[in-house]
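Please walk me through this structure, starting with its aromatic residues and going on to its sheets.

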Amino acid sequence: MPVNRNALIRYRTIDRCLQNRRRKWTIEDLIDACNDALYEFEGRQQSVSLRTIRMDLSAMRSDKLGYNAPIVVTDKKYYSYEDPAYSIKNIPLSTRDLGTLQEVSQLLRQFKGFSHFDGMSELINRLDDKIHSEQHQSPAVIDFEKNELLTGIEWLDPLYKLVVARTTIKVTYRSFKASSCSDLIFYPYLLKEYRNRWFLLGEHKKDQAILTLALDRIQGVTPLPEEPFRDHGQFDPHTYFSSIVGVTRNLGERPVNVVFWASREHAPYIRTKPIHPSQLLLEETAEGMRFQITVVPNFELEREFLGFGEGLKVHSPARLVRRLRNRIQQMAELYSPDV
């Protein structure tokens with residue numbers, strides 16, 4: 001049963017009053033106490049009606065809120081708790097509440113690398129302690145993909161702050177193909193996660209191109225607050241990824257229709273989990289299905305296709321077919337009996 005903020009303030013105020021057995025509480029006293037509490041919390045004068053307080057008392061007595069408060073009336077006008085030790089703050093959590101708290105605790109633990117969550121460790125521990133005190137520990141039923149050995153994650157928080165502050169940076173970077181590091185003057189626009197790796201997208205000052213930098217290849221980051229920040233007119237984070245699979249693309253390339261066939265063993269997986277949102281089913285036969293997606297071909301798309309092995313064949317465009325054929329031939333050589 002959803003409860004609004006004002007109602008919660010009234011319930012807690014009534015609870016506090018009925019716990020105080022040093023005085024007798026009439027319904028008018030409870031109204032005055034609730035009015036004072038609402039003024040304290042909301043900063044404006046409110047007038048709680050007699051009907052509202054009667055409904056609050058009825059709700060607290062019932063099981064609607066899970067309180068089942070033992071509220072009694074003596075001398076036909078004084079309200080109190082029959083059990084002196086009772087308080088709505090002592091109500092044990094329901095099974096549903098415990099399940100929700102466990103899910104929240106597990107979700108919070110997934111946020112690593114951001115300083116915003118450093119201070120939440122104690123909060124999560126207290127939350128876990130509360131759950132444990134209410135019931136026996138149970139195994140997790142949600143397991144998020146994560147890589148505990150992921151490098152470069154230490155850059156996530158400082159880069160996040162620099163992106164938010166729109167600060168130009170110098171990035172010392174070494175790609176997998178480079179033999180040494182190089183320094184880039186970079187305008188950071190966006191942090192992007194793909195397959196449990198983090199990437200920084202932004203504009204390279206020298207050639208004004210949008211680059212995708214893997215955080216695990218970054219060797220150093222130096223803020224350059226004196227260097228004016230520059231926006232790239234063609235970069236829109238809301239649309240940049242709409243025509244690609246993964247994180248890399250060339251802004252100058254246009255999406256093309258990619259037609260591919262999947263065997264009957266693989267086709268159901270591709271049909272239920274499309275490779276790209278543009279995916280269309282063109283044909284279905286006993287041997288398999290033919291699909292089409294409209295994307296800018298890139299390395300991630302090639303890797304996706306190759307991951308299906310002999311269960312998938314790309315028909316067009318010709319340039320993508322040639323690239324895949326060359327890579328497959330190189331793979332075949334690795335498994336040649338003569339090697």
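Which residues form one aromatic cluster? In this predicted model, the cluster consists of Tyr-187, Tyr-189, Phe-229, Phe-235, Tyr-240 and Phe-241.

The aromatic pairs come to 9 in count. One of them is formed by Tyr-11 and Tyr-67, whose planes stand at 85 degrees with the ring centres 6.2 Å apart; rings within 6.5 Å pair, and planes over 60 degrees apart count as edge-to-face, so this pair is edge-to-face.

Another edge-to-face pair is made by Tyr-189 and Phe-229, with 5.9 Å from centre to centre and 80 degrees between the planes. Because Tyr-189 is in strand β4 (residues 182-194) and Phe-229 is in the loop between β7 (218-223) and β8 (256-263), the pair ties together parts 40 residues apart in sequence. Tyr-189 has a relative accessible area of 14%; buried means under 20%, so Tyr-189 is buried.

Two rings also have a charged side chain over them. Lys-192 lies over the face of Phe-241, 4.5 Å from the ring centre, and Phe-241 is itself a member of the aromatic cluster. Elsewhere, the charged end of Arg-23 sits over the ring of Trp-25, at 4.0 Å from its centre.

Strand β4 leads on to a sheet. This open sheet has 5 strands in the order β6-β5-β4-β3-β7, with antiparallel pairing. β6 (210-214) and β7 are at the edges and have a single partner strand each, so one side of each lacks a neighbour in the sheet. From one strand to the next, the twist averages 45 degrees. Within the sheet, 8 bridges pair β4 with strand β5 (residues 197-204) in the antiparallel sense, and Phe-186 stands opposite His-204 in β5. Helix α6 (residues 156-164) packs on this sheet and touches β3 (169-173), β4, β5 and β7; the direction of α6 makes about 100 degrees with that of β4.

A further open sheet is built from 4 strands in the order β9-β10-β8-β11, again with antiparallel pairing. Its edge strands are β9 and β11 (312-316), each of which pairs on one side only. Neighbouring strands here are turned against each other by 25 degrees on average, direction ignored. β8 and β11 run antiparallel and are joined by 4 bridges; Val-259 has Ser-316 in β11 as its bridge partner. Helix α8 (residues 299-306) packs on the sheet and touches β8, β10 (288-295) and β11, its direction making about 175 degrees with that of β10. Helix α9 (residues 318-334) also packs on the sheet, where it touches β8 and β11; the direction of α9 makes about 140 degrees with that of β11.

Is Ile-275 buried or exposed? Its relative accessible area is 12%, under the 20% limit, so Ile-275 is buried. Ile-275 lies in the loop between α7 (267-272) and β9 (280-284). Beyond its neighbours within four places in sequence, Ile-275 is in contact with Val-245, Phe-260, Ile-270, Ile-293, Leu-301, Glu-304, Phe-305 and Phe-308. Gln-292 is 17 residues from Ile-275 along the chain, and 9.8 Å separates their C-alpha atoms.

How values were computed
Residues numbered from 1 in each chain as written. Predicted model: local features only at pLDDT ≥ 70, side-chain atom pairs only at ≥ 80, totals over all residues. Heavy atoms only, no water. Phe/Tyr/Trp six-rings, centres within 6.5 Å; stacked < 30°, edge-to-face > 60°. Helix = DSSP H or I, 4+ residues; strand = E, 2+ residues; numbered from the N terminus. Buried < 20%, exposed > 50% of the residue type's maximum accessible area, 1.4 Å probe, protein only. Lys NZ or Arg CZ within 6 Å of the ring centre and 35° of its normal. Contact = heavy atoms within 4.5 Å. Pairing = 2+ DSSP bridges. Axes fitted to C-alpha atoms, helices over the stretch in contact; angles between N-to-C directions.
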